[in-house]
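Please look over the sequence and the model shown here before reading on. The briefing that follows groups its points by topic.

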Amino acid sequence: MAATFNIRSFLKDRKQTTVVKDMKIEVPAVEGFFTIEEEAHLIGGRFKRSGSYCFPKDLGGSDPNFPEDEVEEVLLSRFGKIWSYTNSAYPPPPPFIAAEPYEPIVIAAVELVKEKMVILGQVVNGYAVEDLSVGMTVEVAVGTLYEDSERRYLTWMWKPLSEE
Amino acid sequence: MEDIAILGVGMHPWGKWGRNFVEYGTVAAKKALDDAQIEWNEVGFISGAITVRCGYPGYVAGSTMARALGFNGTQVASSYAACASGATALSVARGQILSGACNVALVVGADTTPDGFLAPNDGIRTDDTDWLRFHMVGATNPVYFGLHARRRMELYGATQEDFALVKVKNSKHAVFNENARFNKEYALEDVYSSPVVSDPLRLLEICTTSDGGAALVVSSLDYAKSLGVSDPVRVSAIALNTPTYPDPLIDLPYLATDSSATTLPSETGFKESIGKHVYEEAGVGPEDIDVAEVYDLASSMELDWYEQLGFCKAGEAENLLRDGSTSIGGRIPVNPSGGLGAFGEAVPAQAIAQVCELNWQLSNRAGKRQVEGARIGITANQGLFGHGSSVLLRR
């Protein structure tokens, strides 16, 4: 399968949050999904009338009982519990940009208690499926999705709490 | 809603032939017309199931197939609902027949698939959840299958051996199916020696992508009778369900579930609602089902369907598998065709292929994989972006 994804053209003219770290500029791979800070948050939506939540902010399903509802941007809870987990032993195809050599990515579906929703994300580097269990508490972190000589492109990830 | 008659079915064998999808669809359509003893020029409506991987001719599959069979002015429509496209195309044909717009309809779907993972079409679409799940997370289809398989292990104590046994069972069925891509009978050791794709699922437990084509010729019961067909296999019900908000289960291709913070999820889950719809429409229950073709995109998903279609209670699917109930010769054989594990998926043809198999089963033409005395059968299928489908057939 031909990899036709071009990072340069993708990033051209895009609004970017930039952070400089270890001489590399860090930017979200796509803007608007998470905050880049020590205690990172997922950026979700809250429906003003129903009070329900969604993630991502602009792509959530809505409650049919509140037809005129509007979404406002909110920061979602930082902690959740693993609902299930798996990995991808083979590199996912584009538009995923797989590292070479590829190390299997680990993916968790995490339930946020307050928002009562399950959100997918990679698990931070250094964890294998054997290290995870259903019910384990994790927090939102930011990790590198791919990088080039000047920049690291970031995504949200789930990080198991160290005590567990 | 009234039943419609299935007059004929046809398939182009599944495989990795690498030829134009139109060829597979045409072969399947001609076989279905022959089976029905109907001339193409008698068909009043052609209902195509769309493929999005074969360029523009795939987007207008109905007219592409009509042209291949010879444009004759017949009415046409094309339907897309991901994996449920074939069931949608059948539903459109049923609507035409029952409204009196046509006597006979031809339903056809075919695909030529790329190797490897199914992936979004080229381009950058940061507002497309299907694009985002690949780019931002690397969540391929098997990732979702793996999440649900692990969840099943956690909730019900399912084991990797249970999942592997589904593959073993279905491969035994497929030995007798000339339309299946894989006719080999697999043992547990074969499954265990295949590499993990998305833990806990292995390569042999995840359906691959295939080329193939399937077609149905359907009519009103009155028209069937006028042709001298007094006891056809009938389509008694079709479900094309969307979920209800909030759906608490993570599903393809979303990054997150709905939130249940303010509204409780329905007591009937999305997949359960699919079977419920056809049972109510046909006036039967799960206890009446003699045979089922379910969407085993992964071996673990077949177990989920046993429960979602009401063949057993939640958590009991492994027992149903292990006591032989879902093997040919058991109480409720599931995937006598060999299922997707033996076919691989030809997306727009697959839901039609399920109906082809049940037609053969209910008309006692399934040869060595015949389910004895089968009178009522159900298909179940789910297409991403909230397309649940099921077809209930009876004789």
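Helices (H or I, at least four residues) and strands (E, at least two) are DSSP runs, numbered from the N terminus. This is a predicted model, in which local features need pLDDT of at least 70 and side-chain atom pairs count only at pLDDT 80 or more, while totals for chains, interfaces and linings use all residues. Residues are numbered from 1 along each chain as its sequence is written, and chains are lettered from A and ligands numbered from 1 in the order in which they are written.

**Where chain B touches chain A**

- Counting two residues as in contact if their C-beta atoms, placed from the backbone, lie within 7 Å, 40 residues of chain B are in contact with 44 residues of chain A.
- On the side of chain B that touches chain A, the elements giving two or more residues are helix H5 (129-137), helix H6 (141-156) and strand E5 (196-198) of chain B.
- That side of chain B is made up of 20 nonpolar, 13 polar and seven charged residues, where Ala, Val, Leu, Ile, Met, Phe, Trp, Tyr, Cys and Pro count as nonpolar, Asp, Glu, Lys and Arg as charged, and the others, Gly among them, as polar.

**The sheet of nine strands in chain B**

- Chain B holds an open sheet of nine strands in the order E3-E2-E4-E7-E1-E8-E11-E10-E9, with mixed pairing, two strands being paired if DSSP finds at least two bridges between them.
- Strand E3 (75-79) and strand E9 (291-294) of chain B are the edge strands, each of which pairs on one side only.
- On average, neighbouring strands of this sheet are turned by 20° against each other, direction ignored; axes are lines fitted to C-alpha atoms, for helices over the stretch in contact, and angles run from 0 to 180 degrees between N-to-C directions.
- E1(B) pairs with E7(B) in the antiparallel sense over nine bridges, with Met11(B) opposite Ala214(B) in E7(B), and E1(B) also pairs with E8(B) in the antiparallel sense, over three bridges, with Ile4(B) opposite Val235(B) in E8(B).
- Strand E10 (residues 376-383) and strand E11 (residues 387-394) of chain B are an antiparallel pair over eight bridges, in which Ile378(B) stands opposite Leu392(B) in E11(B).
- Helix H14 (residues 347-362) of chain B lies across several strands of chain B, including strand E2 (45-49) and strand E8 (233-241), and runs at about 60° to E7(B).

**Buried elements of chain B**

- A residue is called buried if 20 or more other C-beta atoms lie within 10 Å of its own, exposed if 12 or fewer, and partly exposed in between, with C-beta atoms placed from the backbone.
- By this count E1(B) is mostly covered, with 10 of its 12 residues buried, and helix H11 (residues 299-308) of chain B is mostly covered too, with 10 of its 10 residues buried.
- Helix H1 (residues 21-36) of chain B has 16 residues and reaches 23 Å from its first C-alpha to its last, close to the 22 Å expected at 1.5 Å a residue, the expected span being 1.5 Å times one less than the number of residues.
- Because 12 of its 16 residues are buried, H1(B) is largely enclosed by the rest of the structure; among the buried residues are Phe21(B), Tyr24(B), Lys31(B) and Asp35(B).
- The buried residues of H1(B) pack against strand E1 (4-15), helix H2 (56-59), helix H3 (61-69), strand E4 (104-111) and strand E7 (211-220) of chain B.

**The sheet of three strands in chain A**

- Chain A has an open sheet of three strands, in the order E4-E3-E5 and with antiparallel pairing.
- Strand E4 (53-54) and strand E5 (71-75) of chain A stand at the edges with a single partner strand each, so one side of each has no neighbour in the sheet.
- Strand E3 (residues 43-47) of chain A is joined to E4(A) by two bridges, the two running antiparallel, and Gly45(A) stands opposite Cys54(A) in E4(A).

**Backbone points to check**

- Most residues other than glycine have a negative phi, and most peptide bonds are trans.
- Gln37(B), in the loop between H1 and E2 of chain B, has a positive phi near 55° although it is a residue other than glycine, and Gln37(B) is partly exposed, with 13 other C-beta atoms within 10 Å.
- Phe385(B), in the loop between E10 and E11 of chain B, has a positive phi near 65° and counts as partly exposed, with 14 C-beta neighbours inside 10 Å.
- A cis peptide bond with omega of about -10° joins Phe55(A) and Pro56(A), and Pro56(A) is placed in the loop between E4 and E5 of chain A.
- The peptide bond from Pro94(A) to Pro95(A) is also cis, with omega near 15°, and Pro95(A) is found in the loop between strand E6 (79-88) and strand E7 (105-112) of chain A.
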